[in-house]
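Thanks for making the time this morning. I would like to walk through a few local features with the structure on the screen, so please keep it in view while I talk.

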Amino acid sequence: MSTAALKAQSMGQPLDRVDGRLKVTGAATYPAEFHPAGLLYGHLVTSRIARGTITAIDSAAAEKAPGVRAVLTHLNAPKLPEPPNAQKAEGIRLEQRVPFSDARISYGGQYVGVVVADTLEQARFAADLLTVSYAAETPALRKEDALETKQPAETNGEKLQFSKGDVEAALKNADFTRVEQTYSTPTETHNPMENSATIATWESPEKLVLYDATQYVKGAQSIVARAFGLKREDVRVICPFVGGAFGCKGPVWPHTLVAAMAARAVGKPVRIELTRAQMFSGTGHRSATSQRVALAASKDGRLQAIRHQSEGFTSPVGKYVEACGIGSTHVLYDAPAIEFGHTIHTVNIGQSSFMRAPGECPGTYAVECAMDELATALALDPLELRMLNNSPNHPTKGIPFSTKFLGDCYKVGAEKFGWGRRQAAPRSMKDGRLLVGWGVATATYPANQWAATVWMQLTADGTALVRCATHDLGTGASTAFTQISADALGLPTAKIKFELGSSDYPFGPVAGGSNSTATVGSAIVLAARALQQKLADLAVANAESTLYRANAREVVVVGPGRLGLVSNPGKSVSYADVLSAAGLPSIDAEGELKEEKNAKSAFQSFGAQFCEVKIDPDLPLVHVTRFVSVMDCGRVINSKLGASQILGGIVMGIGMALEEETHYDPRTGLPVTRNLADYHVPVHADINAIDVTFVGEPDLQFNAMGARGMGEIGNTGTAAAVANAVFHATGRRVRDLPITPDKLL
Amino acid sequence: MNPFTYARAKDAESAVALRRGDAGAKFLGGGTNLIDLMKMGVETPTQLVDINRLPLDKIEELPDGRGVRIGALARNSDAAENPLLRERYPVLREAFLSGASPQLRNLATVGGNLLQRTRCYYFYDPDFPACNKRAPGSGCGALEGYNRVHAILGQSEHCIATHPSDMCVALAVLDASVQVTGPKGSRSISFGEFHRLPGDHPEIETNLAPDELITAVDLPPLPAGARTHYVKMRDRSSYAFALVSVAVVLELRAGTIQSARVALGGVAHKPWRATKAETRLQGVKTGDETALREAAEAELAGAKGYQHNSFKIEMAKRTIVRAIVEAAT
Amino acid sequence: MASARDFPEDAPAGKDETIDEALLFGNPTTRRKFLATSASLGAGITLGTIFIADGLDTLAAAESITPQPNPETRVMIGATLKINGQVHELKLDPRTTLLDVLRDRLQLPGTKKGCDHGQCGACTVLQNGRRINSCLVLALTCEGDEITTIEGLAKGETLHPMQAAFIKHDGFQCGYCTPGQICSAVACVAEGHATSDNQIREFMSGNICRCGAYPNILAAIREVQGQSTTLKPV
C-alpha cells in the first residue's frame with residue numbers, strides 16, 4: 001500500500017469546510033430537494049403485522065381519492081429479480097427481498113404498497129385509505145423464539161468464530177483473577193436528520209435517473225441497473241449532499257426500488273421520502289446484542305484469557321452479523337488464550353445493518369466494561385490495567401501494528417483529564433449532593449483502504465478539477481480531498497475544485513468503514529502523479545523549456561504549480577507554461593487505486609476515552625459533565641473537521657450509553673418508539689465540554705498521506721467510558737444499555 | 001391528513017358559531033398537538049376553525065385582587081416570560097420552561113395545552129389496533145405492551161395513558177379555573193374538575209362540551225409568602241416528556257408546613273392532585289425527610305405499576321420529597 | 001418582548017379587513033376552487049393492472065375545471081404568504097404545512113424536514129421574528145406574517161453573523177439540521193436566552209443535531225452573543 005510520502009502543506013490545516021457556505025445558507029441541495037418537471041409524490045404504506053400473510057387489499061378508496069395516479073402493491077407490481085448483496089464494487093443490499101414481490105410479511109413496517117399522487121397531502125391521505133387485510137402469525141421477536149439460530153463462519157472475509165490457546169484452562173486457573181458477565185445493548189436506530197429519499201425519473205424506457213440519499217452512488221447504480229435489467233451507465237445516481245447517514249444509507253433499501261417502479265408505472269418522476277417512523281424499519285438498525293465476556297488475568301494484571309461470545313439478530317429477508325468480537329476482542333488486547341464467537345438469531349424485526357462502528361461500538365462497550373470489572377477485581381487502577389495490556393502486536397493475527405500510539409493516548413488523556421486525582425472507591429467523589437464518577441475506556445477502529453479511481457484535470461489558468469464518485473456525509477470529505485489534492489498537485493486549496501456525489505464520476509467506494517480518506521485520498525495522489533508525469537513528458541519534449549531533454553522521471557513538483565528537477569529544483573517551469581507551450585487548454589489524468597492485502601502489518605487506529613459523570617443519588621439522571629478523547633488516527637488531514645468527527649462519535653456514544661433504544665411491541669412486533677419524541681437521542685442540554693486531541697504520527701506504511709479514517713472511532717469505547725463512570729459514581733454496574741434513570745433508582 | 005374545510009374566526013362568538021352543530025369541527029390554536037395528531041391520522045376533523053386571531057392572548061390582573069387571567073391564546077413562551085406570572089406564580093414558569101422546546105412553546109397556547117392528548121404510543125400510532133381512547137372498545141395495547149410512560153394512579157382496565165402536560169401540573173396546585181364559552185353561554189370550570197380519569201370512557205378526557213371554547217385560565221392569588229416549585233424527571237436533560245413531575249405550593253411557618261398543595265404529572269390520566277400527601281404534610285418540618293417520605297408513601301400507597309413503569313412509584317415518592325425540600329429552601 | 005401574535009388592529013391590510021365575522025374558506029357560500037380529479041381509469045402504462053388516474057399535470061391547470069360533487073374533493077384556497085420579504089400568491093390545499101409550501105411549492109428547500117412532527121427542530125423558521133416549527137403550522141394560518149427562512153438571513157453576499165460563526169466554529173457536519181439550528185440560534189440570541197452556556201444549551205435543545213456538533217454550535221452562538229469565543233478548559 002505504501003507509496004512515497006506526500007508532503008504536507010495544506011494537510012493538517014484547520015481549513016473551513018469547502019461546502020460550509022452552501023450549508024449555512026440553505027443552498028446545499030439534498031436529494032429529495034431536486035424538483036424535476038412533473039414531479040409526483042409517492043407515499044409508502046407499511047405492514048401493521050410483523051409476521052404473516054396479506055390476505056386481501058382493497059385499494060378502491062385510495063384509487064378514487066383526489067389526485068391519485070397509481071396504487072402499487074404485490075398484486076400489481078412488476079416482478080423484479082433479486083440482485084444479490086455483492087458488497088464492494090457491486091453495491092450493498094442487506095434486505096434481499098424485492099418490495100411487493102409476494103404476500104409474505106416478515107417484519108413490522110415492511111412496505112405493502114405505495115400510493116402516488118399529485119401532491120404530498122393527497123398521497124398521504126390516500127395511503128391511509130388503502131385497506132390491507134392480514135392473516136397474522138405470532139411474531140418471533142426474542143432469541144428464545146428465533147426462527148433460526150446460526151453461528152456463521154465468517155463475514156466480509158473475517159472469521160466470526162476464533163480460538164487460540166486454552167481459554168478454558170486459563171479461566172479455571174485458581175492463580176488468575178477472573179470476571180465473567182453478560183452485557184446487552186438494545187436495538188439502536190441511525191436516525192440521521194435527513195430521512196432517506198429517492199426521486200426516480202425515467203428519461204426513456206432504458207434510462208433512469210435517481211436522486212437518492214445514499215452513501216454509495218456507484219452501489220445504488222449497480223443494484224438498480226441489475227434490478228431493472230438496464231445497462232449500468234444508463235442508471236445515473238445523483239447525491240451531492242447527504243444529510244447524515246451513519247451507515248443507514250450505505251445499502252440500497254426497498255424504497256429506492258419502489259421509487260423506480262412507481263415512476264415507471266406513472267410515466268413521471270416520483271419522489272418517495274420516508275417518514276421518520278419508516279426510518280425505524282425500512283433502512284436498517286444496529287442489532288440488539290447480548291455479549292458474554294470472560295476475562296482472566298494474572299495477579300500483576302496481565303491478561304491470560306479472553307472469551308467473548310456475542311449474540312445478535314437478523315431478519316428473515318436478509319443476513320447481517322453485528323460482529324462484536326471482530327470489532328473488539330479481535331484487536332484490543334493480547335493474551336495467550338483468546339476465543340470469540342458470534343451467534344445470530346433470525347427474528348421478525350426489520351433487517352439489521354451496519355451503524356457507525358458496527359461491531360466495534362457494542363463490542364468495545366462489553367469488553368471495556370469487563371476490563372473495568374477486572375480492574376476492580378484486581379484492585380488495579382482501570383487505566384493502569386489497560387496500559388499494562390497495551391500490545392504492539394495484533395492479538396489474533398500475530399503481526400505488528402503499522403503504528404500504534406495508544407500509550408500516548410492514555411498518557412495525554414490522563415493528564416488532560418486529571419485522572420491522577422481519581423479516588424478509586426466507588427461513591428467516594430462528590431460535588432455537593434451529586435455523585436461524581438470517572439471512567440475510562442479504549443477506543444479502536446480498523447484502518448480500511450479499498451478501491452477508487454480519481455479523475456483530475458489541470459487547466460492552463462492554474463486551477464484543477466478533481467472528481468470521484470465519493471460522498472461527504474458531513475465527514476468533511478470534500479474539504480479533506482481538496483486539501484489532499486492541493487498537496488498532491490502542489491497547488492493552494494483555492495485552486496482546487498473537488499466534485500463528488502454522482503455516478504457519472506469514476507468509481508468511489510461506499511462511504512463506510514471509515515475508508516474514504518485513505519481510499520480516495522490515495523487515488524488522488526495516484527492521479528496527481530499521473531498528471532504530473534504527463535506534464536513532465538511535455539516539458540522535457542519542449543525545446544523551449546528549461547527542462548528540455550531532462551529525464552522525465554526526475555521531474556517533480558518543486559513549488560506551487562511548478563515542476564523542476566529533483567537534483568536541481570531551481571531549474572523549473574510552471575504548469576501553466578507547460579500547457580501553453582504545448583498549446584493545450586488543459587490536461588487530465590486518472591489514478592486508479594486497487595485494494596491490496598498487506599500480510600505484514602495490521603492497520604488500526606486506537607484512542608482513549610475519559611468521561612466524568614455527575615448523578616443525583618435520589619433522582620439519578622446521568623449527566624456527562626466532561627469528556628476527554630485522545631486519538632491516534634495517523635495524519636489528521638484537517639484538524640478542525642477531524643475533531644468534529646470524533647466529537648460526533650462521542651455524542652452518539654453518549655446517546656447509546658444513556659438514552660437510545662428502539663422498543664418493539666410484543667404483540668404486533670411493530671417498533672413502538674418510532675419517532676424522535678420517544679426514541680431519545682442527545683439534545684444540546686445533554687452535552688457539555690468535550691475535548692478532542694490527536695496524537696501519533698502519519699502512518700506512511702498505510703498510504704502516502706499517512707492518514708487512517710476517523711469517522712467511526714469516536715463512537716467506540718464511549719459507552720463503556722460512560723458506564724464505567726456511572727459505576728464509579730454510584731457503585732452500581734448497569735450491564736444493559738441504556739442507563740436510564742429507572743435503572744439507578 | 002384527511003381533507004377539511006378551513007375557517008378563520010375573528011372573535012369567540014364567531015368561533016363558537018362556526019363550530020356549532022358540526023361534530024367534525026375542531027378549533028385550531030397553536031396546532032402543535034392537533035396538526036401532529038392529524039398527520040398521524042388520530043385526529044380527523046372535517047372542519048378546522050382557526051382561532052389564532054381571536055383577541056384572547058392577554059395576560060392581565062383580575063380586578064379586586066382576584067388574581068391573574070391568562071388568555072387561552074397566550075403562547076406558552078409568552079406566559080413563561082410574563083412579568084406578572086413570573087413574580088406571582090413562579091411554579092408556572094418553571095413548568096412552562098421544562099416543557100417541549102422554545103419553538104413549540106412559541107406556538108403552543110395555554111388553552112391548547114389544557115387539551116393536550118396523551119403520548120401513549122398505542123394511542124398515537126393508529127397502526128396499533130388496540131386503543132380504547134382512539135377507537136373505543138378496541139382494547140388497550142399498553143396494558144400488556146410496552147408501557148414505560150404509562151399511568152400508576154387512577155388508571156382503569158380500559159386505559160393506562162397519562163396526561164403529558166407540564167403546565168397542567170402547575171395549574172393543578174394553583175387552584176386555577178378554566179373559563180369557557182359556548183352556545184349556552186359562558187361558565188367556569190375548576191381545574192380539578194376539568195380533566196377526567198379514564199374509567200369506562202378514556203375517549204372523553206375533559207368535562208369541556210364539544211362545542212365549548214376555552215377563553216382563559218384564571219389563577220387566584222397565592223397565600224402571601226407561599227413557596228412553589230416544579231421538579232421534572234425525564235430520560236434526557238431537555239425536550240422530553242416527564243416520567244414523573246411534581247408541582248408544590250407550600251405555606252410555611254418557621255420551617256413547618258402549614259398547608260401543602262402537591263400535584264403529580266406523568267403518572268395519571270390527569271394532573272394528579274396528591275390530596276393524601278397534602279393532608280399528611282400539614283405540620284411536618286420541611287427538614288424532616290422521613291416525614292416527607294411518609295407523606296409521599298401515603299399518596300403512592302394505591303399506585304399500581306406495570307411491566308415497564310413500576311419504577312415510577314419510587315421515582316414519584318422521591319420527586320415529591322425533592323420538590324418540597326427544594327421549595328422550602 | 002412583544003408578542004408577534006398581537007396583530008395590530010390596523011395591519012396588515014388584507015382580506016381579513018373586508019369580512020366582518022369570519023372568513024369561511026371552503027364553505028359553499030363563498031368563493032371556492034376545486035382541484036379536478038378524473039376518476040377515469042387509464043391504462044396501465046407498462047405493468048399490467050396498475051390503477052392510473054388520468055389526472056392533471058399541474059395544480060394551476062386544475063383551477064379552471066368544473067367542480068366535482070365528491071365531498072372529499074379538494075378545496076383550494078387562495079392565500080398570500082410573505083417569505084423573506086417576498087410576497088407569494090398561492091392556491092393552497094388547507095392541509096399543506098408551511099414547511100411543505102416552502103420546500104415543495106416555493107422551491108425554498110433550505111428549511112428541512114427531519115421528523116415532520118415537531119420533534120427535531122430541523123424545520124425551524126422565524127415567524128415575525130419568533131422561531132417556530134414550520135412542520136406543525138398550516139400555511140394558511142401564516143397569512144399576514146413575516147416568515148424568514150435560512151435563505152433570507154444573509155444580506156446578498158454577506159452572511160448573517162450567525163452563519164459566519166457556524167462556519168468558523170464548524171457548528172455542523174452533514175448540514176441538514178443547520179438551517180434550523182441557525183434560525184433557532186438567531187432567535188435564541190434575540191430572545192435574550194444566550195447569556196450563559198447552560199442557558200444556550202437549554203434554549204437550543206429543540207434542535208437536534210445527530211452529527212453531534214453541539215459544542216461547536218455553542219461556541220458559534222457565544223461568539224455572536226459577544227462573549228469569549230474560547231471554550232473553558234476542561
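Let me begin with the side chains of Glu297(B) and Lys317(B), which meet in a salt bridge at 3.0 Å, N to O, where a salt bridge is a side-chain nitrogen of Lys or Arg within 4 Å of a carboxyl oxygen of Asp or Glu. Glu297(B) lies in helix H12 (residues 289-300) of chain B and Lys317(B) in helix H13 (residues 311-328), so the pair ties together parts that are 20 residues apart in sequence; helices here are DSSP runs of H or I with at least four residues, strands are E runs of at least two, and both are numbered from the N terminus. Glu297(B) counts as partly exposed at 31% relative accessibility, whereas Lys317(B), at 12%, counts as buried, given that buried means under 20% relative accessible area, exposed over 50%, and partly exposed in between, with a 1.4 Å probe and protein chains only.

A word on provenance: this is a predicted model, in which local features need pLDDT of at least 70 and side-chain atom pairs count only at pLDDT 80 or more, while totals for chains, interfaces and linings use all residues. Residues are numbered from 1 along each chain as its sequence is written, chains are lettered from A and ligands numbered from 1 in the order in which they are written, and side-chain values use heavy atoms, with hydrogens and water left out.

Over all chains, a search of the whole structure finds 83 salt bridges. One of them joins Arg17(A) to Asp170(C), with the closest N and O atoms 2.5 Å apart. Arg17(A) sits in the segment before helix H1 (20-25) of chain A and Asp170(C) in the loop between helix H3 (161-168) and helix H4 (178-191) of chain C, so this pair joins two chains. Both Arg17(A) and Asp170(C) are buried.

Another salt bridge is made by the side chains of Glu90(A) and Arg232(A), at 2.8 Å from N to O, and it links distant parts of the chain, 142 residues apart. Glu90(A) is partly exposed at 27% relative accessible area, and Arg232(A) is likewise partly exposed at 35%. There is also a network of salt bridges that links Arg124(A), Lys39(B), Asp100(C), Lys113(C) and Asp116(C).

Now for a charged residue without such a partner: which side chain of opposite charge is nearest to Asp212(A)? It is Lys249(A), 9.1 Å away, and Asp212(A) is buried yet has no salt bridge; for charge, Lys and Arg count as positive and Asp and Glu as negative, while His and the chain ends are not counted. Asp212(A) belongs to strand S13 (residues 207-212) of chain A. Its side chain does touch Thr256(A), as a polar contact between the two side chains at 3.4 Å, that is, a pair of N or O atoms within 3.5 Å, where within protein one must be able to donate a hydrogen and the other to accept it, and residues adjacent in sequence count only if both atoms are side-chain atoms.

Finally, chain C has 6 helices and 9 strands, and 58% of its 234 residues count as buried. Among its contacts (heavy atoms within 4.5 Å) between residues at least 6 apart in sequence, 55% join residues at least 24 apart.
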